[in-house]
Amino acid sequence: MRPTTLAKVLLTAGLLTQIPLALAQNVTFTVNTQTERKNISPLIYGFNAYADGSGRAGWDAHGGRASLEGLNLTSRRLGGNNMTSYNWENGVSNSGADFCHSSNFGVTYSTGAGWPNQQNGLAYYTPGAGLVSFHDQSLALNTFSLLQLPAAGKLPKDIQFLNPPGNCNGQQLWQSTAGASNVDTARWLTIVNDKPAAAGAVSLNPSLNDNVVYIDEELNFLIKKYGKASAAKGVKGYELDNEPDLWHLWPTYLGAGTHENLHPDLTTVAEVLQKNVSLAQTVKRMDASAKTFGPALSGYLGLYSLWSAWDGSAAHQPSDWAQYNKEPYITKSTGDRYRYNNMTFANVYLDTMKQASTTAGKRLLDVFSFHYYPQASYDQATRSQASRSLWDPQYVEPTWITQPGYGFTDGNGLQMLPKLNRAIADFYPGTKLAVTEYDFGGMYDATGAIAQADALGAFGKNGVYLATYFGDVEGYIASAFRLFRNYDGNKSVFPEISVRAVSTNNANGTVYAAVSAADPNTVHLITINRLPTALNASVQITHPVALNYVQAWGVDSSSPNVSARQVQTTLNANKFSTSLPPYSVMHFVLKP
């Protein structure tokens, strides 16, 4: 889910202020290639399915495929609000609040499956057409496929728009041939994870008239076509639906959730836990080698108490929250209220999945997934700093989450990744971490490259397993990816072993460093200048061999194109000084 206008409300209330920048325009970066060595997961350089260009149908329009191949990305996710209601049998999904609660063929068409083959009746597409088109693209790009499965409980039966036909967000909607209201219960099908024997064997040609959609039948379809996840062409991972904290929540001025028609009752903690456990069991029964991801929460409030109004009122939380808002989930019985920065539901979920796995005799959750859309990223000054909430304890973002006295972090830095890594270590060790949607904005502004590059660096340094950007990978967003994945136009990449790299002032500039097992003597640096002015950087590298040669590529406010840069500097005892352009990201390659 993209961020709401909550930041505007808080700005009006005087809770957001301009971030003060340090007066000094100097920074020291210290790197040690022999310490804090950690493998960087290659899957953090990923994106969501529709990210090959705004409004494009498929991936070949407007040069989409060539652009994606040039980005050299590694993972793709077919997920989001429409996938919560994706009916694999005929390609229909429901947009929820994103598009007037209309049921449409947006997912299938957008994944490149073409126009529906029939506009009357229920057989709009052949079974799984959108899934096949998406995964075939992933195979062509040599990327990991993460497919989202539905769990909320209902799926749309047919195409349905406004009745009578009307206007939604300035677009005329196609009237359904069925002619009923879009909240007609007859227009929804029931999800059943495991097809009972009485209904017959799983089929590659599912019935469109049984009022049921079987998830194991959907998985069987994919396995029969591509093999299991362990096979070369198999789908590697499945996400246990999307943003259950927004299916239906306590109503605010923003509405009552994304899917209040599909899911007409307020969600509860017990319901979401049960549905995730049940769906995970089905996935593992069908394909034990597939990785499961969940619960794909929409952001901080979902991690806090499944769903909540930002005021934290008990009346604005799930009806059964009190049953879970207790130890060990609050502090692990340490008394430290900020051990997890009050992301208590994350602990509940992890512990529940661990207990269910013990009962099942197999791991049911492989990857804990969440979404991150910053509350403070609305201009250059805030966006250039906002990504620090992912990792930096010294950065206290100017939002309601960190506001003292509000009961969330109370003036402490948010530290999303370290806090969630601690939660995993405490409640379900061995679980991986994923950010399956995120976006800091700034596609047409250099601070977009700053935030995106800092996020990618933070994902690698903090052990994130998979991350998929949500939005069009274009402009300054694309340039940030290229600096990690194709900085020289020859698909040369930032290496796979993260090493110690620290800055004396992360508000001014940040550094990430890595080496490769195949070329351990070469050192790569990603440097970030968060300031609208040049930043003088002194770089000190501890490394077993002398470094004598430096190359650089970068992007700054002058252009979103990554270009080679002349570096006027001399290496002396593995130290050098350089001036980083205003609002810039640079990739330095240092060689013996």
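Two strands count as paired if DSSP finds at least two bridges between them. In this predicted model, leucine 146 has glycine 237 in S13 as its bridge partner. Eight strands close into a barrel, and their pairing is parallel.

**The barrel**
- The strand order is S3-S4-S7-S13-S14-S15-S16-S17.
- Neighbouring strands of this sheet are turned against each other by 25° on average, direction ignored.
- Helix H5 (residues 215-226) packs on the sheet and touches S7 and S13. The direction of H5 makes about 160° with that of S7.
- Helix H11 (residues 446-461) also packs on the sheet. H11 touches strand S16 (432-438) and strand S17 (466-469). Its direction makes about 165° with that of S16.

**Strand S13 and its partners**
- Strand S7 (residues 144-149) runs parallel to S13, and four bridges join them.
- Leucine 149 stands opposite leucine 240 of S13.
- Strand S14 (residues 291-297) also pairs with S13 in the parallel sense, over three bridges.
- Glutamate 239 has phenylalanine 293 in S14 as its bridge partner.
- S13, helix H6 (residues 269-286) and S14 form a right-handed β-α-β unit.

**Helices H3 and H4**
- The crossing of the two helices is left-handed.
- H3 contributes Thr108, Thr111, Gly112 and Ala113 to the contact. H4 contributes Ala129, Gly130, Ser133, Phe134 and Gln137.
- By class, this contact has three nonpolar and six polar residues, and no charged ones.

**Methionine 586**
- Methionine 586 lies in strand S25 (residues 584-591).
- The C-alpha atoms of methionine 586 and alanine 552 are separated by 6.7 Å, although the two residues are 34 residues apart along the chain.
- Beyond its neighbours within four places in sequence, methionine 586 is in contact with Leu525, Ile526, Thr527, Ala552, Trp553, Gly554, Arg565, Leu580 and Pro581.

Notes: Residues are numbered from 1 along each chain as its sequence is written. This is a predicted model: local features need pLDDT of at least 70, side-chain atom pairs count only at pLDDT 80 or more; totals for chains, interfaces and linings use all residues. Side-chain values use heavy atoms; hydrogens and water are left out. A crossover is right-handed if, with the strands pointing away from the viewer, the path from the first strand over the helix to the second runs clockwise. Contact means heavy atoms within 4.5 Å. A crossing is left-handed if the near helix is turned anticlockwise from the far one by less than a right angle, and right-handed if clockwise. Ala, Val, Leu, Ile, Met, Phe, Trp, Tyr, Cys and Pro count as nonpolar, Asp, Glu, Lys and Arg as charged, and the others, Gly among them, as polar. Axes are lines fitted to C-alpha atoms, for helices over the stretch in contact, and angles run from 0 to 180 degrees between N-to-C directions.
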